Every structure is written in C-alpha cells, then in structure tokens.
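Please consult the sequence and structure shown here while reading.

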Amino acid sequence: MAKTIGKRLLKGAIGAALMTGVSMTALSTAAYAQTEDGPAVAAPPADAEIIVVGIRRSLRSSQDIKKNTQGMVDAITAEDIGKFPDTNLAEAIQRIPGVTIDRSNNEGSRVTVRGFGPEYNLVTLNGRSMPASVGGGMSATRSFDFANLSADGIAGMAVFKTGRADVPSGGIGSTIDVTTARPFNYKGLTAQISAKAINDTSSVEGSDVTPEISGLFSNTFADGKVGFLVNGSYSERNSRLEQASIGGWLQNQDFSQGVVVDNNENPYGNTWAPQSEAWGFDDHERTRLNGQAVLQFRPTDSLTATVDYTYALYKDHFVSHTSGAWFGYGGDLHSATINEHGTAVNINDTGSDLSYSVFDDHIKNELKSTGLNLKWDATDTLTVNFDAHHSVADSGGDGANGNNMFMIVGQNPGIAIDKIFTVTDTDIPTTLWTYQAPTTVDNIGTDTILPLFGQANNNTFENKIDEARLDATWRNSSDSGLKSIKIGADYKVFETHAQSYNSGNFAYGYYNPADLGLMKASTFTKVDTCTLLEDFSGGGCDIAIPYIYTYDLAQGVADVQSKYPHTFAFPTNPTSDHIIKEDTKALYFVADFDTDFNGMRFRALAGLRYEQTNVTANSLEQKPVSVEWVNPTEFFTRYAADPAFSNIEKSYNEFLPSLDTSLQVTDKLLMRASYSKTITRSDLTSMVGTTSVSGTPKPGARTATAGNPGLLPYESNNIDLSAEYYYTRDSYVSINYFAKQVDNFLTQTTVKGPLAGLTDPMAGALAQTATAELIAANQPTTAANIFAQMQADTGQLTFTGQPGDPLITWDITSPSNANSTEIHGWEFAVQHIFADTGFGLQANLSIPTGGAQFDNEKIGSQFALPGLSKSYNLVGFYEKYGFQARAAFTHRGEFLLATSQGQSSNEPQYVEAYDQLDISASYDINPHINVFFDGINVTGSSQRLHGRYSEQFLNAYQGAARYQLGVRYKF
C-alpha cells in the first residue's frame with residue numbers, strides 16, 4: 001500500500017539532526033537484580049567494568065542479566081533514571097527475540113511471546129502478579145495492557161521464557177517482570193525531572209502539541225537506614241484513527257433469488273459474503289497519570305523492610321464517526337459474482353440505507369497496588385523473604401452515560417435504487433449507491449436523513465489480587481556442588497467482577513417518512529471522503545461516495561427527542577453480571593547446583609511447584625422471553641425481569657517441575673538446556689456460569705454462548721536449547737531452539753438448536769400471510785416489504801414471536817478442554833559494539849512454526865492458535881562525545897489474530913505483515929541537562945486485516961508518526 005512518507009521523514013530527520021546525545025551516568029543493575037521483591041535474577045559480577053554511557057551501559061546490563069541468570073531470560077534496563085529505551089513499554093519489549101506486540105490506536109498495547117498471545121503471558125510488577133484492566137466494550141481479560149504504564153518510571157523489564165518454580169504461574173508463553181526503582185538502589189539524594197512536547201501527526205481535534213511531565217526523587221537518611229522514593233508522570237495525547245471495516249463475512253448466504261456469476265472452486269461449495277461496510281474516524285483525547293511511593297527501612301544490617309504504593313490512571317475519551325450500510329441477501333439480492341475462493345466480490349442489492357453513526361466512548365482504567373516486603377538475613381546462610389500485596393484494577397465508563405453512548409441515523413431508503421459492493425485489487429473495497437432522480441450520489445443532502453435508534457452502555461470490570469508469599473533460602477557454606485535450597489509457599493486470591501449495563505433503545509422513529517426534516521441541517525457536518533484513509537488504495541478519493549455526514553451526538557438526540565421525548569435514566573441493574581474467584585495455594589522448592597564437569601563450569605537449577613486452585617463462578621442469568629422484530633433489519637431479545645445468580649464450584653491441582661542447566665564450554669561459549677511445565681488459566685469469558693443469547697439476533701447472526709467454570713488451565717511442556725557466544729565484553733551472538741507441547745486448549749463446539757422456546761416473528765403466521773399477499777400482488781418478498789405489509793395488516797409497529805410460530809434456530813457455542821498443539825522454532829540474536837567508534841548494532845530473528853492452523857476452506861467450529869508469526873528487529877545506534885542517536889526497525893509477519901469476526905463466529909481475522917521505524921536522539925548540554933527527540937512510526941505505517949483470503953477485507957487502520965521533543969534535568 002502506498003505511503004505518504006516524504007514529509008514525515010523530512011520532519012523526523014530534521015529533528016534527529018538537531019537533537020542528539022546521551023546521559024553520562026547509568027542506572028545500576030541492582031535496581032533489576034533485587035531479590036527482596038522480585039524474581040531472583042542474577043546480578044552482573046561485582047568486579048564488572050563500569051561503563052558510564054547510556055545505551056552501551058544499558059546493553060551491558062541486559063547482557064549480564066542474560067548471561068548470568070539461569071534459564072532463558074532476556075532483559076531491557078533503563079539507560080538512566082527516567083530513560084527507558086522506548087517511550088512505550090510494549091514497543092520496548094518487542095526488541096527481544098520472540099516477542100511481538102499488538103497495537104491499538106497506533107500504539108503498542110499487548111504482548112505475544114513465541115506465538116502465544118497476550119492472554120498466555122503473565123505480567124508481574126516487582127515479582128507480583130498484576131491485575132488486568134480493560135475498557136470500552138471489551139470483555140474481562142487476564143492480559144495486561146502496557147498502555148496503562150508510562151515508561152518513565154521503569155527501571156527494567158525481563159522476559160522469562162522458561163518456567164521457574166519460584167516465579168508465579170500463569171504464563172505458558174512467558175512471564176514478563178517489570179521492575180521499578182527503590183531508594184536503596186541509589187546513594188543519597190538522586191532526582192530528575194523531564195518535560196516533553198508530544199506531536200501526534202494524526203491529530204485533528206484539540207491541540208496539536210500535548211505535554212508529558214515526569215519526575216523522580218529519592219533520598220536516604222539516618223546513615224542509610226531509611227530511604228524514601230517518589231516518582232510520577234502525567235501525559236496527554238490527542239490523535240485521530242481513520243479506519244474502514246467490513247462487519248464480518250457471512251457464510252453460505254442465500255443467492256438463489258439473484259443473478260449469480262459463480263466461479264466457486266471451494267471443494268465444499270462454501271461461500272462468504274460481507275455483512276456490512278463502513279468507513280470513518282475516531283478522535284481520541286487520552287490522559288495518563290502514573291505514580292509510585294516507596295519507603296525502605298533497614299534497622300539492622302540483616303533486616304530490610306519495603307513498603308510501596310503504585311497508582312496508574314488511564315483515561316481515553318474518543319468520538320467515532322462512521323458511515324456505511326448492511327447488505328441484504330435472499331429477496332434483497334439483485335446479482336452477485338462469486339470468485340474461485342467462494343468470496344462474493346460483487347453484490348448488487350436493494351438500495352437500503354446509507355447510515356451515519358456517532359459513538360461517544362469514555363474509558364477509564366485505574367490500578368492501585370499496595371505492597372510490603374520483608375527480607376531478613378537470619379544467619380550467614382539463611383535468608384527469609386516475605387512479600388504481600390493488595391492490588392485492584394478497575395475499568396469502566398468515565399462519562400455521565402457510562403462508557404458508551406451512540407446514535408444511528410440513515411438516508412431515507414425510499415430514494416435509493418441499488419447498493420453495489422465491489423472487490424477489486426484495491427486495499428479497501430468500494431460501495432456505491434444509485435438513487436432515484438433527481439437525487440445522485442453527488443447531491444444527496446441532509447433533508448432525507450431519518451432517525452433510527454440509539455443506546456447507552458456501560459461495561460465495568462474489577463480485578464482484585466490479594467497475594468502473600470513466604471520463602472526461605474539456605475546457602476551451603478561448604479565447598480560442594482549444592483549451593484542453595486529455597487523452600488516457599490504462596491497464597492493468592494484472584495477475583496474478577498464484570499458487569500454490563502444497557503439502556504435499551506431510545507424511542508426513535510425507524511425510517512418513519514413523517515420524520516423527514518426532524519434532524520436539523522445545522523446538526524450535520526459535511527466531510528470530504530478524499531481526506532480519509534489516503535494511505536490505502538480504495539481510500540481517499542477512491543472512496544465511491546464523495547462525502548459523508550458527521551453530526552453532534554447531543555444535538556442529534558435533542559433533535560429526535562423534540563418529537564419522541566425520552567427521559568434518559570441509566571439502568572441501575574446490570575444486564576450481565578459475572579464474578580469469578582480463584583483461590584490458589586502453592587508450595588515450591590528450588591535447588592541450585594554449581595560444580596565443574598571435565599574442567600567446565602556446570603550449573604543447574606531444579607525446582608518443583610505444586611498448586612491447588614478452587615474456582616467459584618457466580619453469574620447473573622437473564623432468561624430470554626421473546627424476540628422482537630422492530631424494523632426491517634433490526635431484532636431485539638427481550639428478557640424476564642427477575643434474573644438470578646448461579647453458583648458453581650470447581651477445583652484442580654497442578655505439579656509444575658522445572659530444570660535449567662548451563663555448561664560454560666569456554667570463557668566465551670555458554671550452552672544451555674532447560675525443561676519446564678507451565679500453565680495459563682483459562683479465558684475468563686469462557687468460565688462464566690450462564691447461557692446467553694444475542695441481544696440483536698439478526699438472521700444469520702442468531703448466536704448463543706454457554707460458559708464452563710470447570711475449564712482446566714492450558715498446560716505446556718517446554719524444552720529450550722541454546723548456545724551463546726560472548727566474543728567481546730559487550731558483544732555476543734546466540735541461537736536458541738524451543739519446543740512447546742500444549743494441552744487443554746479450548747475447543748468451541750457450536751450446535752444448532754432452539755433455546756427457551758423463543759419463536760421467530762420473521763417466519764411466523766403474520767409474516768407468512770404478508771408474504772402470500774406480496775406474491776399475489778406481484779411484489780418482491782424483501783424483508784422491508786414483508787415488514788411493511790405486516791404493519792399494514794395489523795396496525796402494529798413491531799412484532800414478537802407468538803406461540804405456535806416456528807422456533808428460532810440458534811448457533812449455541814460452548815467451550816471445553818479438548819485440543820493440543822505443538823509450537824517449535826528458532827531465535828537468533830546478535831549484539832555488536834564497533835570498538836571505540838561509538839557505533840553499535842542489535843539484530844534478532846524469531847521463526848516460530850507448528851501450531852494448529854486455520855483451514856480457510858472449511859466452515860464450522862475449528863481450533864487454531866492465534867498470534868504465531870515471524871518477526872525480526874534491527875537496531876543501530878551511535879553514542880560518543882555526549883551525542884546519541886538510535887534507529888529501530890521492527891517487522892512482524894502476517895498472523896492469525898482471532899477466530900471470530902464481530903457477529904460472524906468461526907471466521908478468522910488475519911493481520912497482514914507490518915513494519916515500523918522508530919528513531920531517537922539526545923544531547924548532553926552538561927552533566928545535568930539533557931535534551932532529546934523521539935520519533936515513533938516515522939514512516940506512518942498502516943495496518944490491514946483480512947478474512948480467509950486477502951480479498952475478504954476486514955479492517956484498515958491508517959498509521960501516523962508521533963514526535964516528542966523534551967528536556968531532562970538531573971540533580
């Protein structure tokens with residue numbers, strides 16, 4: 001796809017040329033090698049040469065952690081206080097071999113490791129399991145969103161790719177530990193403050209330049225017995241995300257009533273057709289506030305107490321404007337062309353509406369964590385460590401009407417003749433309407449817009465973790481192969497509470513011709529589509545409709561309520577309410593061996609972890625009582641007024657062994673072999689204790705889901721083999737082979753059948769009578785005509801299925817543990833420092849293979865593992881004479897993102913290959929003042945998603961560059 005990058009590259013190059021440099025002091029790796037409140041990562045040798053330059057010191061620290069820690073561990077450490085290598089934690093961690101990221105609104109958010117997506121990786125903060133937070137319409141999740149944390153307060157990150165008995169369970173892909181600074185990491189007074197000006201080039205609404213401020217203060221008192229540290233950051237970001245989408249590809253639609261050109265070569269005769277097409281943009285206004293306070297007390301040389309509090313607030317207010325329409329099949333279809341894959345690449349159906357939608361979303365994520373750590377050196381050979389924390393993540397709406405309110409209006413369908421959808425070789429398909437004269441696509445106005453409906457929603461999610469860990473480490477004072485033994489116990493209570501609220505539809509007119517002119521012309525704004533999605537063919541001026549209308553949501557509601565008064569009262573009772581509680585008790589044992597084998601140093605770390613987990617699921621079950629047909633294209637499920645909670649209890653046990661070995665073949669060559677068994681607990685949305693049906697059961701999208709609180713964890717048996725060659729102090733090459741056999745993957749079994757006796761008004765006696773009358777009058781039996789005839793026959797506006805009408809056939813999907821798969825692959829990495837030239841290079845390549853592949857030719861439920869993709873990183877840098885410059889290029893190959901598309905279940909989403917280039921530069925004016933420049937996605941790379949085949953377009957998200965210019969002052 002074409003890239004309009006010249007202007008962006010020029011802007012970034014000028015900034016990079018102006019601002020380069022590096023800080024002259026470096027953060028001690030002791031901030032990461034702590035043991036009192038984090039995983040036991042080996043610190044670099046005490047006699048290591050101290051290099052007092054930023055990037056090189058950071059790389060040396062990371063290399064030492066990789067070299068000296070047992071198992072497969074890769075790390076990133078801060079160059080200095082408040083100087084993490086990337087401005088976003090997810091963007092930083094993708095530089096590690098085997099780690100890739102998902103992006104949201106042009107920013108890294110969630111992490112995939114070795115092909116295992118965000119939900120399969122455990123994120124800890126200073127060794128503690130952290131609760132996840134979500135926003136908007138997202139469901140409850142275990143996956144941590146790195147967008148909630150600023151990089152400015154982070155000391156380091158480590159990715160544990162092999163299991164460890166003394167590391168919390170939960171990640172079959174990896175455990176990612178994020179560490180923050182402690183006052184005892186520094187000597188005396190240390191402080192810094194930085195200010196940045198952020199320019200997101202996509203921004204249209206609000207200020208083009210927004211601020212980010214961060215600072216840290218740390219000091220020790222009373223001869224080093226007391227330490228206090230506080231750090232914080234605040235940032236704002238305005239941005240626009242332009243996008244186009246297909247609402248999902250529907251399987252085997254009815255083409256029989258149209259003229260069809262059929263070139264289908266699918267061996268099963270399957271076909272796919274689009275549900276809808278839309279295009280538009282989201283305007284975001286995001287704020288983020290992070291803070292941490294740490295108090296440390298060392299009354300004696302043998303006892304250290306640490307109390308800390310961490311706070312993170314993430315708020316995003318965004319308004320989405322979209323335009324588009326649904327496609328009709330059966331009696332609505334005029335003609336279609338089916339290609340060799342079975343994809344409908346051309347559709348001509350009845351005109352229907354051209355809709356305009358406004359969504360007003362308010363997302364608020366809040367994380368609070370309070371922790372206590374006690375480290376006691378009881379004797380010269382015995383250390384006791386106690387750690388406890390209470391952490392809560394809350395997500396929900398930050399607006400008066402919850403976290404989402406929307407309204408949909410549409411052009412009067414009576415003036416449209418045809419709606420034509422066409423797939424060509426462009427990135428985005430085209431949709432074109434034809435209208436009755438004198439109306440054309442070039443002169444359609446607001447006077448023919450009619451109101452449809454609107455709703456308000458709120459989705460809240462609270463995730464709490466209460467955890468306490470006690471362990472004792474005995475160190476062998478004798479000269480033998482056994483160096484130490486650690487024995488510990490861990491108790492964790494993990495509880496989630498997810499609720500959804502829905503206002504129901506506002507009382508709008510549903511294409512009532514009497515409502516023409518109800519929407520004021522001043523409510524609307526005309527938007528030239530040439531300004532949208534210009535980086536994609538099929539976007540920009542290739543969009544077949546020359547302009548669309550956006551409108552102010554509040555004014556639109558006021559317009560409609562002038563005729564259809566509606567006193568808005570947000571519901572106090574949730575429409576869905578799920579509580580899942582996991583109570584886990586664990587015991588663990590770790591033995592550390594260090595000896596010689598034929599003159600070579602041999603090390604082994606052997607461990608065993610035993611866990612017992614009790615699960616309790618309480619879910620509010622809403623009993624559906626009817627399905628109502630409210631307009632030609634909309635259906636709603638009505639529920640009984642007396643929901644009740646279910647109560648289901650289950651339990652399981654796990655033994656998790658681990659063994660990490662290493663052999664120092666020469667001073668430069670290190671060989672490793674590891675085995676471990678790891679687990680990830682099942683998807684929370686699959687563990688609910690209810691069966692629920694779709695609230696908007698349109699024909700072709702009548703789905704129901706049933707939960708299963710008894711789901712077992714995913715279990716992975718892992719083998720790692722590696723060779724690492726450290727040919728100079730700061731340079732190395734490594735190669736790693738890994739294999740994972742994973743069991744207990746979920747299978748989603750879908751069966752067809754009735755539920756709760758719900759009947760279908762579209763197939764009932766009234767609809768059959770109306771159909772017969774239309775046939776007798778030689779009129780098309782479209783859904784719109786049938787609905788209108790039923791209204792004329794009965795005088796009713798809407799219709800509910802009656803006893804004796806045909807039962808609705810639902811697609812009922814439920815999960816179970818049934819699938820296994822194997823992932824294996826190679827990881828290559830090189831780090832090279834070009835002597836004293838100031839230049840350096842990092843490169844890595846990850847090639848995971850295997851796994852369950854999605855069969856694009858078959859329909860129905862099937863198991864596939866999302867996230868698997870090849871990736872590589874290239875990072876070049878220069879630092880000398882106070883100057884620093886860095887360029888980082890990342891590539892991720894095409895991968896399967898999910899196995900559902902909106903309301904289309906069992907349909908894949910593939911993210912096409914993506915490249916991103918980031919640059920940074922800085923200059924030390926003096927030992928205290930540093931100026932810096934960052935450019936993120938300077939080429940404005942965009943993303944495209946498709947379904948089973950490339951022509952089954954799903955989404956296009958236009959990328960944009962983001963620049964930061966700032967100054968840092970260190971005391």
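In this predicted model, Phe828 counts as partly exposed because its relative accessibility is 30%, a value between the limits of 20% for buried and 50% for exposed. Trp826 is likewise partly exposed, since its relative accessibility is 39%. The two values are set out below.

| Residue | Relative accessibility | Class |
|---|---|---|
| Trp826 | 39% | partly exposed |
| Phe828 | 30% | partly exposed |

The structure holds 29 aromatic pairs. One of them joins Trp826 and Phe828 in a stacked arrangement, with ring centres 6.3 Å apart and an angle of 15° between the planes. Elsewhere, one aromatic cluster is formed by Phe116, Tyr120, Tyr714, Phe745 and Phe863.

Helix α4 spans residues 553–561, and its buried residues are Leu553, Gly556, Val557, Asp559 and Val560. These residues lie on the same side of α4 because they cover an arc of only 155° around the axis. In general, an α-helix has 3.6 residues a turn, so residues three or four places apart point the same way. The cover over the buried residues of α4 includes strands β18 (355–377), β20 (404–411), β23 (449–475) and β26 (547–551).

The backbone nitrogen of Arg56, however, lies 2.6 Å from a polar atom of the Glu879 side chain.

Technical notes: Residues numbered from 1 in each chain as written. Predicted model: local features only at pLDDT ≥ 70, side-chain atom pairs only at ≥ 80, totals over all residues. Heavy atoms only, no water. Buried < 20%, exposed > 50% of the residue type's maximum accessible area, 1.4 Å probe, protein only. Helix = DSSP H or I, 4+ residues; strand = E, 2+ residues; numbered from the N terminus. Arc of directions from axis to C-beta. Contact = heavy atoms within 4.5 Å. Polar contact = N/O pair within 3.5 Å; in protein donor to acceptor, adjacent residues only side chain to side chain. Phe/Tyr/Trp six-rings, centres within 6.5 Å; stacked < 30°, edge-to-face > 60°.
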